[in-house]
Amino acid sequence: MPEIKLPTIPHPDEGTRAVLQSNKVPMIRGAGEYNYLCGNCGALLVEGIEQGQIQNIVIICPRCGRYNDLA
Ligand SMILES: [Zn+2]
């Protein structure tokens, strides 16, 4: 499976982005081809989606706490 490291971003302004936070990884699991990793620590955040399937959310990495931009 191709793996894509997500860009990490600063804390988004309140109410400007949909933010996903969970303690379990991967947070999202599907039947697609791409895995998305935390851009800071490499934790597997999203497993098996198609590129562009999920857009415009920010995922908080449960391992390192950084904000990952899934644009
Ligand atoms: Zn991380």
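Leu37 in strand 5 is the bridge partner of Lys5. The model is predicted, so local features need pLDDT of at least 70 and side-chain atom pairs count only at pLDDT 80 or more, while totals for chains, interfaces and linings use all residues. Residues are numbered from 1 along each chain as its sequence is written, and side-chain values use heavy atoms, without hydrogens and water.

**Strand 5 and its neighbours**
- Strands are DSSP runs (E, at least two residues), numbered from the N terminus, and two of them pair if DSSP finds at least two bridges between them.
- Strand 1 (residues 3-5) pairs with strand 5 in the parallel sense over 3 bridges.
- Strand 5 and strand 6 run antiparallel, joined by 3 bridges; Tyr36 has Val46 in strand 6 as its bridge partner.
- The hairpin of these two strands has 6 residues between them, and Gly42 takes a positive phi near 85° there.
- Tyr34 and Tyr36 point one way from strand 5, Asn35 and Leu37 point the other way, and all are buried (under 20% relative accessible area, 1.4 Å probe, protein chains only).

- The protein donors (N, O and S atoms within 2.8 Å of the metal, or 3.2 Å for Na, K and Ca; water is not among the atoms, so sites may look incomplete) are the SG atoms of Cys38, Cys41, Cys61 and Cys64, lying 2.3 Å from the zinc ion.
- Cys41, in the loop between strand 5 (34-37) and strand 6 (44-49), and Cys61, in the loop between strand 7 (57-60) and strand 8 (67-70), link distant parts of the chain, 20 residues apart.
- The arrangement is tetrahedral because the 4 donor atoms subtend angles of 104 to 117° (all angles must lie between 85 and 135 degrees).
- Cys61 is buried at 2% relative accessible area, whereas Cys41 is partly exposed at 27% (between 20% and 50%).

Conventions. Four donors count as tetrahedral if all angles lie between 85 and 135 degrees; four count as square planar and six as octahedral if opposite donors are over 155 degrees apart and all others between 65 and 115; anything else is irregular. Helices (H or I, at least four residues) and strands (E, at least two) are DSSP runs, numbered from the N terminus.
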